[in-house]
Amino acid sequence: MLAKLSRGTARRRCALAAAAALALLGAGLPAAVAGTDGDRAQSMSRFYGQKVAWAKCGIEQWPDDLECGKVTVPLDYARPKGGTLDLALARYRATGDKRGSVLLNFGGPGGPGVPELALGGKEFMDLTDRYDVVTFDPRGVGRSSPVSCGDGENQAFTALDDEPADLRDPKKLLDLLKRAAAQCAENSGPVLPHIGTVDAARDMDVMRQALGDAKLNYLGFSYGTRLGAVYAAQFPDRVGRVVLDGVDTLTESLAEQGIAGARGQQTALEDFVDWCAEDIACPFGQDPRTARELVERLVKSLDDEPVPTDFGDEFTGQDLVGAIGQGLYSRKLWPSLERALAQLVEHGDTSGVMAFATGGLALPVKDEPAGLRGVATPGDDDPDGGLVDPEDVPLDNLPASLMAINCADDPDRPTARQITAEVQRLRAAYDRASPVFGQYRLTQVLLCYGRPKGTDFIRDDVRDLDTPKILLVGTRGDPATPYRWTVETAKRLGPSAVVLDNRSDGHTGYGSSKCVHRKVDDFLLFGTLPPNGSSCGADEEGD
């Protein structure tokens with residue numbers, strides 16, 4: 001699931017997370033570090049020897065039975081004696097005959113898991129029959145040494161706000177992209193070069209050991225499927241029961257992903273507008289074609305003349321695009337999205353759409369540079385670093401971490417000459433894919449310019465897994481992760497992959513399909529897999 005990047009709203013973002021930062025204890029170095037030199041193995045033993053100290057989270061309006069803790073990991077796995085990071089954790093304890101923990105990642109990249117579990121944990125209560133249900137804020141996200149770009153990436157949007165004819169001389173764009181990359185590095189500090197999925201997967205293995213599990217049981221959504229697949233490639237002998245729902249691509253470049261995402265969201269928008277037009281309260285009227293045109297005009301008008309918000313910033317058309325994109329992920333959100341758009345169109349009230357743009361997590365908190373926030377170095381008074389206080393999470397952490405992780409995972413870096421030659425064609429291609437979502441999807445891709453080349457590991461090495469069976473759930477009408485990605489990823493992973501075909505729409509299936517929910521729970525709780533290629537109909541119990 002892609003979070004939005006835009007001016008204005010990026011400065012208002014806040015990732016809420018857990019409150020406790022507690023000591024870690026324990027023992028035991030797993031075989032995962034075997035083969036390294038003795039000094040490095042000894043250095044890693046302090047991380048693999050942890051046990052999580054759980055306590056009540058103490059956050060108002062969070063469930064009383066939600067517990068919070070932390071785990072400490074190396075900043076750089078190649079230098080485990082160097083700096084460290086603390087990662088925020090949360091769990092609901094098992095209520096039945098416990099067989100271990102199941103670790104959740106809700107996607108993003110850049111989404112903090114702790115507040116998501118706190119606010120949406122009811123979906124997973126059946127799993128507590130056998131598991132502690134655990135989630136985390138990944139490195140660079142939420143309270144776990146959050147990254148920030150300041151105003152850098154916001155400024156980069158101004159170049160693509162120009163008409164395509166003005167992009168014939170893209171020097172301004174390239175300069176802004178370089179400046180954005182430099183500001184992200186300056187504001188994020190030492191965690192930025194180590195924020196990719198390869199390191200996050202290694203963090204999960206430290207968590208697995210700290211939770212006391214011999215194997216990792218895992219449920220990942222959207223981007224979380226990429227994270228789960230990378231873990232399985234790195235630690236095949238430590239794979240337990242793993243489910244990947246809303247399967248991400250492992251092979252397509254960011255540019256290809258952006259086109260696919262723009263097309264999927266445009267289709268979802270058209271479905272939403274058709275649905276909205278059947279309602280007398282639809283703010284765009286009752287003719288679907290006219291309604292689609294009005295949406296496009298609204299985006300353009302807000303880009304030309306942004307409206308003020310209660311936060312003192314302006315709300316632009318690209319802010320609206322991001323808000324609509326979030327609201328299209330599930331049909332359950334459509335009535336709320338319709339009301340939010342009506343507030344905006346009829347009263348100029350941005351509060352409803354801003355709640356979608358920020359995932360409902362925006363608060364008026366301090367906006368400070370990240371610097372060394374949350375990173376401990378040898379000799380510090382606090383040798384384990386520390387979780388960042390909620391009020392110190394940068395307001396742009398969600399989009400900043402999304403870009404940092406996606407860029408770290410992608411080895412493609414077009415040169416200035418290539419961008420100069422291709423930017424007009426790309427702008428036209430993205431606009432054809434979606435006149436509404438094309439611009440901000442393209443900007444997400446271009447924001448990797450000026451950053452270091454990403455890893456080749458995902459594209460080259462996450463394949464032909466020798467693991468226990470892994471359940472992949474693909475949804476036919478998914479606006480963010482096309483069903484073909486499920487098929488392609490299953491083929492790439494090899495015989496370990498088992499595909500469940502969710503013949504419905506919406507992003508991911510576990511929260512929207514009773515059939516998918518039941519089949520996933522059956523696998524995680526009892527080890528019962530559906531046949532490869534079996535399906536769940538939109539209103540059926542599955543076959």
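Tutor: Let us start with a term. A helix here is a DSSP run of H or I covering at least four residues, and helices are numbered from the N terminus. Arg 226, for example, lies in helix α6, which covers residues 223-234. Please keep in mind that the model is predicted.

Student: How many helices and strands does the protein have?

Tutor: The protein has 17 helices and 13 strands. Of its 543 residues, 60% are buried. Of the contacts between residues at least 6 apart in sequence, 78% link residues at least 24 apart.

Student: Is Arg 226 buried or exposed?

Tutor: The cut-off for buried is a relative accessible area under 20%. Arg 226 has 6% relative accessibility and therefore counts as buried. The side chain of Arg 226 makes a polar contact of 2.6 Å with that of Asp 409. Setting aside residues up to four places away in sequence, Arg 226 also touches others, including Asp 248, Leu 250, Gln 257 and Asn 406.

Student: Where does Asp 409 lie?

Tutor: Asp 409 belongs to the loop between α12 (397-408) and α13 (416-433). Asp 409 is counted as buried because its relative accessibility is 10%.

Student: How should I read the packing of α5 and α6?

Tutor: One reads the angle between the axes together with their separation. Helix α5 (residues 197-210) packs against α6 at about 70 degrees, and the axes are 9 Å apart. Angles of 65 to 115 degrees count as roughly perpendicular, so α5 and α6 are roughly perpendicular to each other. Residues of α5 at this meeting include Thr 197, Ala 200, Ala 201, Met 204 and Arg 208, while those of α6 include Tyr 223, Arg 226, Leu 227 and Val 230.

Student: Which residues have the most contacts inside the largest nonpolar core?

Tutor: The general idea is that nonpolar side chains in soluble globular proteins tend to be buried together. In this model the largest nonpolar core holds 56 residues, and those with the most contacts inside it are Leu 103, Met 204, Tyr 218, Leu 227, Ile 470 and Leu 472. Another core lies apart from it, with 33 residues, among them Cys 57, Phe 221, Cys 515 and Leu 524. Beyond its neighbours within four places in sequence, Leu 472 has contacts that include Leu 244, Val 247, Val 499 and Leu 500.

Student: What covers the buried residues of α16?

Tutor: The cover includes α7 (254-277), α15 (457-461), β11 (470-477) and β12 (497-505). Helix α16 spans residues 483-493, and its buried residues are Tyr 483, Trp 485, Thr 486, Thr 489, Ala 490, Arg 492 and Leu 493. Among these, Thr 486, Thr 489, Ala 490 and Leu 493 are in contact with Leu 472. Gly 494 follows α16 and has a positive phi, near 95 degrees.

Student: Which residues other than glycine have a positive phi?

Tutor: Most residues other than glycine have a negative phi, and most peptide bonds are trans. Ser 145 is one case with a positive phi, near 50 degrees. Ser 145 sits in the loop between β5 (131-136) and α3 (152-160), and it is buried, with a relative accessible area of 0%. Ser 222 also has a positive phi, of about 55 degrees. This residue is in the loop between β6 (216-221) and α6, and at 2% relative accessibility Ser 222 counts as buried.

Student: Which peptide bond is cis?

Tutor: The bond from Gly 108 to Pro 109 is cis, with omega near -5 degrees. Pro 109 lies in the loop between β4 (100-105) and α2 (113-120).

Methods: Residues numbered from 1 in each chain as written. Predicted model: local features only at pLDDT ≥ 70, side-chain atom pairs only at ≥ 80, totals over all residues. Heavy atoms only, no water. Helix = DSSP H or I, 4+ residues; strand = E, 2+ residues; numbered from the N terminus. Buried < 20%, exposed > 50% of the residue type's maximum accessible area, 1.4 Å probe, protein only. Contact = heavy atoms within 4.5 Å. Core = buried A, V, L, I, M, F, W, Y, C linked by side-chain atoms within 4.5 Å. Polar contact = N/O pair within 3.5 Å; in protein donor to acceptor, adjacent residues only side chain to side chain. Axes fitted to C-alpha atoms, helices over the stretch in contact; angles between N-to-C directions. Parallel < 35°, antiparallel > 145°, perpendicular 65-115°, else oblique.
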